[in-house]
Amino acid sequence: MSTNTAKVGIISCSGEALPEGTISRLAARRVLELLRPDRTVTLCLPLFLAGNEGERNFARTHPTITIDGCGKQCAKWGTEKHSGPVSVSLVVPEILKSTNGGCHCSTRALSEDDTEAVWAVAERIAAEVDSVLASTAPAVAENAGSDTGPGHCACSSPLPGGKLTIGSKTVEIPGLPLIFAQFAEKATITNSDQGAALLDLVKIYHPIPAKEQEAYKDALLAEYQKFVGMQAAK
Amino acid sequence: MAQTLKEGDVLVIPCSGIGKVHGLIGREATYMVTDEMASENTATLCLALLVKGDPEAVDAVKSHHCITIDGCAKACAQKNVEISGGRVAKAIQVAEAFRNFRGAKPGTATALTEDGWKITQAIADSITCEAANLRAQESAAL
């Protein structure tokens, strides 16, 4: 494996016949769009298995994390057969430690159980991405932000971020509207606590220096109120 | 892994494309058909399992009519069913359906918009129709 490890390949089984396949797909998308947008790319499993050299080459030269919806572990099997050992292999039922009773295959019918399952799996993938990158830290630092060569999959761009003005600078937070939407779904918090709760949520995805936390809190609250106003207007 | 499959059922197999909205449209059109519009006589199976060569999945595509739905011209679903010895009765390209929805903004690979669901419904209608035709032809041949 080369030292070019700026990005981790996320390969989900996306199994169509069971809800865990949809969970694996949505969790992978969430990591790509929101949790670790600058550190991950995805590869289409069937294309990879069908012999696309670009996809296989990426998996040969970069760390990969596979997410499978069942114990047959097609994603892990395919990656190891065609490209070499995976860095981490995850199996959805093992992460959730429960049955999929309330989960669905279609995104049209997603329930609270689906939403929680997707978050749980996505957060686990993100933690594994950090762990994999930490173990290859020098190469990551050299290559961070660079394109990843011929195996780079261009079809998964990060979500557009939201901008905040903190003092005299403007910062961009990837997927801020999605974070706000998640917050709004779960919001049972009184107005006086909203700023702190928002800050805690955003800190999961975006590093915030301790001395700037108060400024972030105010800016986040102001942006969130705009977001809520726009949602209500729709 | 395949959903419960009976003799005469039609298999609807989308590609597992994860990078573009087209993959999600194909996937959702499949669920519209197999869960709602023709749940009694259609089913789906995991494409990755078929590609892996799982004997049960390979048997399923060999012994049932298959309708494949692909999100891009690489046609992974169609090609993999054919490589496995399956019978592709109809190969659908999601991009073709966009011709009737010029200017539509279908959403992303994660979530569909109202336009995206309309395109999905159109593809699901086409699959349901094709599945009914296949079953009728099979009945007539008996």
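Reply: Happy to! Let's start with a right-handed β-α-β unit, made by strand 3 of chain A, helix 4 (residues 74-82) of chain A and strand 4 of chain A. A crossover is right-handed if, with the strands pointing away from the viewer, the path from the first strand over the helix to the second runs clockwise. Helices (H or I, at least four residues) and strands (E, at least two) are DSSP runs, numbered from the N terminus.

A word on the background: this is a predicted model, in which local features need pLDDT of at least 70 and side-chain atom pairs count only at pLDDT 80 or more, while totals for chains, interfaces and linings use all residues. Residues are numbered from 1 along each chain as its sequence is written, and chains are lettered from A and ligands numbered from 1 in the order in which they are written.

Now look closely at strand 3 of chain A. Five of the five residues in this strand (residues 64-68) are buried, so it is largely enclosed by the rest of the structure.

Next, its neighbours. Two strands pair if DSSP finds at least two bridges between them. Strand 3 of chain A runs parallel to strand 1 (residues 8-12) of chain A, with four bridges between them; Gly9(A) has Thr64(A) as its bridge partner. Strand 4 (residues 88-91) of chain A is also parallel to strand 3 of chain A and joined to it by four bridges, and here Ile65(A) is partnered by Val88(A).

Step back, and these strands belong to an open sheet of four in chain A, with the order 2-1-3-4 and parallel pairing. At its edges are strand 2 (40-42) and strand 4 of chain A, each pairing on one side only. Strand 2 of chain A is joined to strand 1 of chain A by three bridges, again in parallel, and Ile10(A) stands opposite Thr42(A).

Notes: A residue is buried if 20 or more other C-beta atoms lie within 10 Å of its own, exposed if 12 or fewer, and partly exposed in between; C-beta atoms are placed from the backbone.
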